[in-house]
Amino acid sequence: MAVTLSAPPVPSAPSAARPEDSGGRGGSDFTPLARSVRASGLLERRPGYYARAIGLNVAATAALWAAVAWAGDGWWTVLLGIPLAVVAVRTGFLGHDAGHRQIARTARGNRLLGLLLGNLLLGMGHGWWSDKHNRHHANPNHVGKDPDVGEGILAWTEDQAGRQRGVLRWVARHQAVLFFPLLTLEGVNLKVGSVVFLRGRSRRDQVVEGGLLLAHAVGYLSLAFALLPVGQALVLIALQHAVFGLHLGSVFAPNHKGMAMPEPGERWDHLRRQVLTSRNVRGGPVTDWAFGGLNYQIEHHLFPSVPRCNLRRVRPLVRAHCADVGVPYAETGVAGSYRLALRHMREVGEPLR
């Protein structure tokens with residue numbers, strides 16, 4: 001699918017207020033939009049929506065493990081790892097929303113939900129994710145500030161690719177082809193990162209978050225090995241984590257890859273910093289469900305505390321405002337978004353081939 005409008009780099013602009021600050025500075029292009037969204041009532045919490053979503057998610061998780069028990073030790077049972085992974089991604093989306101304080105009215109309530117949904121149900125640290133993801137939101141696509149474009153297995157700039165050595169250099173050379181296969185390892189990577197993060201945290205965080213992560217691991221492994229023979233349990237665990245990583249990574253991949261990347265020292269105002277570095281994915285209710293609302297990435301970055309179910313209604317307000325102030329608004333279909341992301345990765349690795 002073709003891109004509606006790409007987002008080329010723009011001249012530097014002074015830094016603007018945080019998205020939560022509707023006052024902004026005099027003359028800020030974001031301020032009128034923030035006032036409009038606030039007046040629309042779309043910033044208000046949706047407790048009923050989230051109560052249903054969390055209830056259905058917990059019920060679906062329990063039902064799937066009951067199905068594993070009912071199906072018995074046949075090898076076809078391991079295929080239930082696929083719907084278990086899909087439901088786990090829904091848990092991840094809910095933990096994401098709690099981290100952005102979209103669900104409860106208080107920070108404490110959202111943190112509690114994040115710990116229960118992330119650490120206990122998913123085995124992914126709420127504190128680790130919040131730290132990493134909030135730094136991403138503050139400076140999306142900004143090398144040196146956004147951990148999502150930091151140096152690692154994959155390279156997001158030609159400079160990063162040029163510094164890779166050994167196996168990582170080979171990976172950078174072929175990263176566009178290897179991207180989706182590598183995502184199958186992301187589920188394990190998220191859990192390892194959650195544990196490693198706790199080493200530098202306070203004793204209280206280590207006890208609370210570490211205890212919940214341990215409870216998840218014990219409960220998850222106990223269920224798998226109690227219901228299935230060892231070999232089948234291991235295959236189900238591997239399949240669930242592979243599909244989980246692939247699904248979750250596929251949701252986040254189209255949002256920023258291939259979009260504008262601010263140069264070191266460059267400062268854009270809040271509107272441009274969030275809009276020019278983000279890409280929306282067009283679609284209907286199925287796309288909204290599959291992407292957990294993150295297909296409205298521009299709106300989510302501008303107003304991260306807006307409940308997921310309100311983002312579709314915020315979109316026309318943002319599109320109209322961007323057109324009024326002359327800020328390009330990038331939006332494409334699902335296939336087009338992956339094509340653009342993979343093209344960027346291929347271009348980054350091109351000098352190594």
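**Exercise 1. The largest cavity**

Task: State what volume the largest cavity has, which residues line it, and which helices supply them.

Solution. 
- Step 1. The largest cavity has a volume of about 70 Å³. Keep in mind that this is a predicted model.
- Step 2. Read off the lining. Thr91, Gly92, Gly95, His96, Gly114, Gly118, Leu122, Met124, Gly125, His126 and Trp129 line this largest cavity.
- Step 3. Assign the elements. H3, H4 and H5 are the elements that give two or more residues to this lining.
- Step 4. Find the main contributor. H3 gives the most, with four residues.
- Step 5. Sort by class. The lining of the largest cavity divides into three nonpolar, eight polar and no charged residues. Gly is counted among the polar residues here.

**Exercise 2. The second largest cavity**

Task: Find how many cavities of 30 Å³ or more there are, then describe the lining of the second largest cavity.

Solution. 
- Step 1. The count is two cavities of 30 Å³ or more.
- Step 2. The second largest cavity has a volume of about 30 Å³.
- Step 3. Its lining consists of Phe179, Phe180, Ala253, Tyr338, Ala341, Leu342 and Met345.
- Step 4. Two or more of these residues come from each of H8 and helix H16 (334–349). H16 has the largest share, four residues.
- Step 5. By class, the lining of the second largest cavity has seven nonpolar, no polar and no charged residues.

**Exercise 3. H3 against H4**

Task: Decide how H3 is oriented relative to H4, and which residues make the contact.

Solution. 
- Step 1. Take the geometry. H3 and helix H4 (residues 107–122) pack at an angle of about 155°, and their axes are 8 Å apart.
- Step 2. Apply the cut-off. Angles over 145 degrees count as roughly antiparallel. Therefore H3 is roughly antiparallel to H4.
- Step 3. H3 passes H4 in a left-handed crossing.
- Step 4. List the contact. From H3 come Ala88, Thr91, Gly92, Leu94, Gly95 and Ala98. From H4 come Asn110, Leu113, Gly114, Leu117, Leu121 and Leu122.
- Step 5. Sort the contact residues of H3 with H4. Seven are nonpolar, five are polar and none is charged.
- Step 6. Link back to the largest cavity. Thr91, Gly92 and Gly95 of H3 belong to the contact with H4, and Thr91, Gly92 and Gly95 also line the largest cavity.

**Exercise 4. H3 against H5**

Task: Describe where H3 meets H5 and how the two helices cross.

Solution. 
- Step 1. The axes of H3 and H5 come within 10 Å and cross at roughly 65°.
- Step 2. The crossing of H3 past H5 is right-handed.
- Step 3. Gly95, His96 and Gly99 of H3 meet His126, Trp129, Ser130 and His133 of H5.
- Step 4. The contact of H3 with H5 divides into one nonpolar, six polar and no charged residues.
- Step 5. Link back again. Gly95, His96, His126 and Trp129 take part in this contact, and Gly95, His96, His126 and Trp129 are also among the residues lining the largest cavity.

**Exercise 5. H4 against H10**

Task: Classify how H4 is oriented to H10, and sort the contact residues by class.

Solution. 
- Step 1. The axes of H4 and helix H10 (residues 203–227) come within 6 Å and cross at roughly 45°.
- Step 2. That angle makes H4 oblique to H10.
- Step 3. H4 brings Arg111, Leu115, Asn119, Leu120, Leu121 and Leu122. H10 brings Arg204, Asp205, Val208, Glu209, Leu212, Leu213, Ala215 and His216.
- Step 4. The contact of H4 with H10 has eight nonpolar, two polar and four charged residues.

**Exercise 6. The largest pocket**

Task: Give the volume of the largest pocket, the residues closest to its centre, and the make-up of its lining.

Solution. 
- Step 1. The largest pocket has a volume of about 1,200 Å³.
- Step 2. It is lined by 36 residues, and the closest to its centre are Lys132, Asp148, Glu186, Asn189 and Leu190.
- Step 3. At least two lining residues come from each of H3 (81–99), H5 (126–138), H8 (175–183), H9 (186–197) and H11 (230–252).
- Step 4. H5 has the largest share, seven residues.
- Step 5. By class, the lining of the largest pocket has 17 nonpolar, 12 polar and seven charged residues.

Conventions:
Residues numbered from 1 in each chain as written. Predicted model: local features only at pLDDT ≥ 70, side-chain atom pairs only at ≥ 80, totals over all residues. Heavy atoms only, no water. 1 Å grid on protein atoms, 1.4 Å probe; cavity = no way out; pocket = protein on both sides within 12 Å on 5 of 7 lines; lining within 4 Å. Points joined across faces, edges and corners; volume = space filled by probe spheres on them. Axes fitted to C-alpha atoms, helices over the stretch in contact; angles between N-to-C directions. Parallel < 35°, antiparallel > 145°, perpendicular 65-115°, else oblique. Left-handed = near helix turned anticlockwise from the far one by under 90°. Contact = heavy atoms within 4.5 Å.
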